[in-house]
Amino acid sequence: MSWEPVIGLEIHVHLKTRTKMFCRCPVLYVETPNTQTCPVCLAHPGALPVPNEKAVEWTILLGHALGCEVPDRAIFHRKNYFYPDNPKGYQISQYDSPLCVNGRFVVPGPDGDAVVGIERAHLEEDAAKTIHVGGAEGRIHGADRSLIDFNRAGTPLVEIVSAPDIRSADDAKRFLQLLRQTVVELGISDAEMEKGSLRFDVNVSVRPAGTDELRTRTELKNMNSFNFAAKGIEREVRRQIEIYESGGQVEQETLHFGSESAPPLRSKEEAQDYRYFPEPDLVPLEPDRDLVERLRTKLPEAPAARIRRLEQEVGFALAEGLVTSGRDELYSRIPGERAAVANVVMNELAATGVDPARVNAEELAKVIERRTEIPRSAFTDALAASGSPDFSADRYLAEAAIVDVSELDPVIERILSENESQAEAYRGGKEGLLGFFVGQVMKETGGKANPKVVSDRLREKLEA
Amino acid sequence: MIDTLRLTAEEATELLERKEVSAAELHAAYREAIDERDPELHAYLCIVDEPEGEGVPIALKDVISTKGVETTAASKILAGYKPVFDSTVAARCKDAGLPLLGKTNLDEFAMGSSTENSAFGPTRNPWDPSRVPGGSSGGSTAAVAAGLAPWALGSDTGGSIKQPAALCGVVGLRPTYGTVSRYGIVAFASSLDQVGPVAKTVRDCALLHRTIAGRDPLDSTTVDLPEPIEVPEAEDLKGLRVGVPVELNEADGIEPGVAESVSRTIDLVRELGAEVGECHLPRSVAFGLPCYYLIAPSEASSNLARYDGVRYGLRVEADDVRTMYERTRREGFGDEPKRRIMLGTYALSAGYYEAFYGQAQKVRTVIRDEHAAAFESFDVLVSPTSPTVAFELGARTADPLAMYAADVLTIPSNMAGLPGLSIPCGLSEGLPVGFQLIGRQFSENLLFRAGHALERALDFDFVPERLK
């Protein structure tokens, strides 16, 4: 029997609004602990939430990008649970009336599109950060004491829940990359995993291929990169298939991933009863329909569409790489042979860390066009400098390249005449000596000649 | 010599304006009265020694956050807690120049109808100290009745202003839900809580309501008032259509003395020119109380979750956080909050939500609709505020259901979000009887006009006999 993975994702994205979700405290991650707080986000008696309009607007914008409907009315609910990072004893979240529902997100792949349903995108507030001191593994159990930093408490968070429509670890990774890029391009979040501004959980089950049953799923948590997630999913899919094939049953559990080296910790989470009920301190959100429509028109071209467009020019892998790394805009600005430009933008230029938005595309194009004619070092120097305001290609090309054969010839001839015995040996079959001559010429020209041109010319002369 | 037992806030304002007394002298007179009578009554939990403001002093129920002044909600779990911010109503009083006399006693977290549930001891009724003042704003109403404050603010969830106002022989308004900010009010049941004025006269009530009412950007559930609050001048009730809901006026447990006093008042309403007719609120009265006791505890169970010993208030140390939570809450909360937290947690639990909380919310819509239908034929609905006069301390403490029944007449209109005014309308067995006037949403001005005309005609002496 062949098996098919059934994968669903739950993604949390921090919105980079100026202030928190329900109070006026600034959203800042760098300050000393417990300095960005007020009675509302510390849950002092009587403090009341007031929703951040910008956060609502951005969630609707994201909803549009995910192809969601924006219902006339959305409701905040209270999700009740006790934990020291949850100051009110409840989190203000959304339950059965979220801001965005029924979306559809197209994820291009090498063999066609994966269409992933978006069940919902809702707005909620983040918890505080807890640090457990002493005891084992920084967990609350067994810690000597726990410290709480409320700077993060109440920062706006969008939760996106996909339908279980994803069928491979690769597609899951693609989905995450594309979603991340979408959010970044909308300008609503940094979506950086290292900073915790993008987090995700994965639900994994498998079923006999071709059926539509939904079997027991496991939840994969705390994975800190998309690649790691893809590996984790693959491993989990294999594990579940092995269990079924050996006649066993998969148990519902959560896999907590700590570091890439350690195996995940498994836990059985009791189904928590969060006692959701409509937040009585807030009135229902009824987004202005004109605003909803206006936001729709603000959407930039979707990353998925750009991947398909660029695929025609440079093939799928480069197109996907360019778009999901946010480098396709630069790629499009640089004239020249498309594959060459794409490769340089994705590889050498990316390695320099130069901000793509600052690159002088016209000048860089000249360097890329003549990249085989100039020394490697000059090329990388040019790339590294391409973002500075006074970047000029001529300087690198002129300074670096001796491409004119007429300039090279006298040098080559002198070297050959000074090393006649080696030249004879070469002609006698010791072709490895070519490297010796190239080295001599390069030394004479102070490294400014293009080694490829030099070796071509040398071969011509020696074999003449 | 200032007679704080008789002086109304309006008269006090005039004395200040005419510079016949200074704010300091006025304040000192109330301090003297407090020193004299509060040891017996225990209306106050905390007295402010150096108040600011040149106006008529005020007392605030101890659920109203006051910056730097202890705010305990009469709970051990908040003993010693001093807010770092003013509630919006406290700030508005401050802006109006009203010096704070002190914070008044209440049932813990405003849960109760007698002020006996205070963790710091009960308040006694100025008309008879062996009896309760009602509750939960019993401290505020007792303080006003005993001349320990010219006016005060209370809060009302199921009847916590109207019922103690009735039992203490003072005037109390529960405003339309959404007209007074809840920002900084220690929450009990958010969808029902509303702050309102307590005073000796309807005009004082209107003056104080004008000070505190109006939209607050810090409370999303507040709205702009459709019209400014006016101080009433009316002398008659001509043209007013007054409905007498049969189910509220003939409910089980209404004492004969109360019924008689209310019925005499209804005759007076007619004499003042109003058209009086019967109407019916069968479902509101039958289901109001049970639905209230699902919704209010549900919200309370969530609102009281923040008292966890982590950030402020009581913490009972333990080796792990779960045990710390348990010990703190076990020692910090009294029986009534615990009872309601358990009720509410249960009503919100998976599998019960639809049958309890969900159903109660649906019934609330029915109650709203039933009231709206009555207001198609009438402008004001009237009834006793409380089925009984003030009862003896301890009489109902062993029987929570009997205590809950004290609010049976105030809860229905509260569930509908409507404003209600209680004015004293006479005595039964020497104790005050309250007359409840219920209006449409935002009809406070109409309630004040009707209440004022009636108050003039009733000529009730608000000074307790034993203090004369």
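This is a predicted model: local features need pLDDT of at least 70, side-chain atom pairs count only at pLDDT 80 or more; totals for chains, interfaces and linings use all residues.

Me: In what order do the strands of the open sheet of three strands in chain A stand?

Reply: In general, strands of a sheet pair through backbone hydrogen bonds, either parallel or antiparallel. Here the order is E3-E2-E13 in chain A, and the pairing is antiparallel. Strand E3 (90-94) and strand E13 (277-278) of chain A each have a single partner strand, so they stand at the edges and one side of each is left without a neighbour in the sheet. Strand E2 (residues 76-80) of chain A is joined to E3(A) by five bridges, and within this pair A:Arg78 has A:Ile92 as its bridge partner.

Me: How many bridges join strand E1 of chain A to strand E9 of chain A?

Reply: Eleven bridges join E1 (residues 3-14) to E9 (residues 198-208), and these two strands of chain A run antiparallel; A:Ile11, for example, is partnered by A:Phe200 in E9(A). E9(A) is also joined by three bridges to strand E10 (residues 218-221) of chain A, again antiparallel, with A:Val202 opposite A:Leu220 in E10(A).

Me: Which residues of helix H8 of chain A are buried?

Reply: A residue is buried if 20 or more other C-beta atoms lie within 10 Å of its own, exposed if 12 or fewer, and partly exposed in between, with C-beta atoms placed from the backbone. In H8 (residues 338-346) of chain A, the buried residues are A:Val341, A:Ala342, A:Val344 and A:Val345. Seen down the axis of H8(A), they fall within an arc of 165° (the arc of the directions from the helix axis to the C-beta atoms), so they line one face of the helix. They pack against several helices of chain A, including H5 (303-314) and H10 (361-369).

Me: Which residues have the most contacts inside the largest nonpolar core?

Reply: In soluble globular proteins, nonpolar side chains tend to be buried together. A nonpolar core is a set of buried Ala, Val, Leu, Ile, Met, Phe, Trp, Tyr and Cys residues joined through C-beta atoms within 7 Å. The largest one has 143 residues, and those with the most contacts inside it are B:Ile58, B:Ala143, B:Ala149, B:Ala152 and B:Val380. Its largest share, ten residues, comes from helix H9 (residues 282-303) of chain B. Apart from it lies another core of 70 residues, among them A:Ile7 and A:Leu176.

Me: How many residues of chain B are in contact with chain A?

Reply: Two residues are in contact if their C-beta atoms, placed from the backbone, lie within 7 Å. By that rule, 35 residues of chain B are in contact with 25 residues of chain A. H9(B) gives the most to the side of chain B that touches chain A, with three residues.

Definitions and conventions
Residues are numbered from 1 along each chain as its sequence is written. Chains are lettered from A and ligands numbered from 1 in the order in which they are written. Two strands pair if DSSP finds at least two bridges between them. Helices (H or I, at least four residues) and strands (E, at least two) are DSSP runs, numbered from the N terminus.
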